[in-house]
Amino acid sequence: MTKILLLEDDEVLSETLIELLENEAFEVLHVKDGEAALDATFENRFTLMLLDVNVPLLNGFEFLKSLRQSGDMTPAVFLTSLSDVASLANGFDVGADDYIKKPFDFDELLIRIHALLKKAYHTYQNELRVNDFRFVIDKDELYNQSKFIPLSPYELQITKLFFQNLNKTVQKELILEALNGNKEMSEGALRVHINKLRKIGLPITTIKGIGYRLASS
C-alpha cells in the first residue's frame, strides 16, 4: 500500500485530506509539526509526502531541506497558502517535486499525486509488466496475471526498487540502504529475500559483484 506522510496542522483540512486519500486506498500518517514529521521519517518509509509550510517547531521548508541534505529523495508536495513567487522558488529550491497553493481542488491534488507516483517508475502508465507479472503503482501491489501476490514489507520494498529500475542493475548497496532505515540488514539476509522473490517467479538476475536486475523478456 502506498504510504503518505501528511504534515498539516489545520485539523479540518487534515481530516478531509485523510478521508480523501484513504478512499484512494492510500495509507496516511498525519503529523502536526515539523519535528514530528522528521521523527516519522526515521521510523517509516514513505512513498510520498504532502507538506504544509507554516507548521510549528520546524516549518515545511526547513523539514524538507533537512531531508534532502540527508539524502532522502522521497517525492514531496507543498500544500500551502504562501502564494508569492519567492516562496514558490524557495519550495523548489529546498527540493519540492510540486507546489500547490491553497485553496486547491481535491481532484487536482489526486491527479498530481498519481502523476508523481508514475514518475518515480519512469512511466506514464499505472502498471508495469514483466512476463506474467503486473505491478500496480498507485496500490503498491504485485499480481501474476490476475492473482494478487502477497509480499512482506521488505520484499515489497525490493520489488518496488526493481520496477523503478526495470531492465537496469540495482546495486546491492542501494537496496540495503533502502531497506535498512534504523536497522541493519546483512547481504545474507538480502539474498534470502531475493530468493523468495525468485521462488514466486520474478526473473531476477544476479550481476556478480554489483547487484541485481529485473528484466522484461
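**Close-up views of helices H6 and H8 and their surroundings**

**View 1. Packing of helix H6 against helix H8.** Helix H6 (residues 153-164) and H8 pack with their axes 10 Å apart and at an angle of about 75 degrees. H6 is therefore roughly perpendicular to H8. On the H6 side, Tyr154, Glu155, Ile158, Thr159 and Phe162 meet Leu190, His193, Ile194, Lys196 and Leu197 of H8. The residues of this contact divide into six nonpolar, two polar and two charged. The model is predicted: local features need pLDDT of at least 70, side-chain atom pairs count only at pLDDT 80 or more, and totals for chains, interfaces and linings use all residues. Residues are numbered from 1 along each chain as its sequence is written, and side-chain values use heavy atoms, with hydrogens and water left out.

Terms for this view: helices (H or I, at least four residues) and strands (E, at least two) are DSSP runs numbered from the N terminus. Axes are lines fitted to C-alpha atoms, for helices over the stretch in contact, and angles run from 0 to 180 degrees between N-to-C directions. Angles under 35 degrees count as roughly parallel, over 145 as roughly antiparallel, 65 to 115 as roughly perpendicular and the rest as oblique. Ala, Val, Leu, Ile, Met, Phe, Trp, Tyr, Cys and Pro count as nonpolar, Asp, Glu, Lys and Arg as charged, and the others, Gly among them, as polar.

View 2. His193 is located in helix H8 (residues 187-199). Because its relative accessibility is 12%, His193 counts as buried (under 20% relative accessible area; exposed is over 50%, partly exposed in between, with a 1.4 Å probe and protein chains only). Leaving aside residues up to four places away in sequence, His193 touches Tyr154, Glu155, Ile158 and Met185 (contact: heavy atoms within 4.5 Å).

View 3. Three strands in the order S10-S12-S11 form an open sheet with antiparallel pairing (two strands pair if DSSP finds at least two bridges between them). Strand S10 (169-171) and strand S11 (204-207) are the edge strands, each pairing on one side only. From one strand to the next, the twist averages 30 degrees. S11 and strand S12 (residues 211-214) run antiparallel and are joined by four bridges. Thr205 has Arg213 in S12 as its bridge partner. H6 packs on the sheet, where it touches S10, S11 and S12, and its direction makes about 70 degrees with that of S12. H8 lies across S11 and S12 and runs at about 145 degrees to S11.

**View 4. Backbone features in three loops.** The peptide bond from Lys102 to Pro103 is cis, with omega near -10 degrees. Pro103 lies in the loop between strand S5 (98-101) and helix H5 (106-120). Ala25, a residue other than glycine, has a positive phi near 70 degrees. Ala25 is found in the loop between helix H1 (11-23) and strand S2 (27-31), and is partly exposed at a relative accessible area of 34%. Gln145 is not a glycine either, yet has a positive phi of about 55 degrees; Gln145 lies in the loop between strand S8 (141-144) and strand S9 (147-149).

**View 5. The chain as a whole.** The secondary structure comes to eight helices and 12 strands. Buried residues make up 46% of the 217 residues. The C-alpha atoms fill a box of roughly 50 × 35 × 25 Å along the principal axes.
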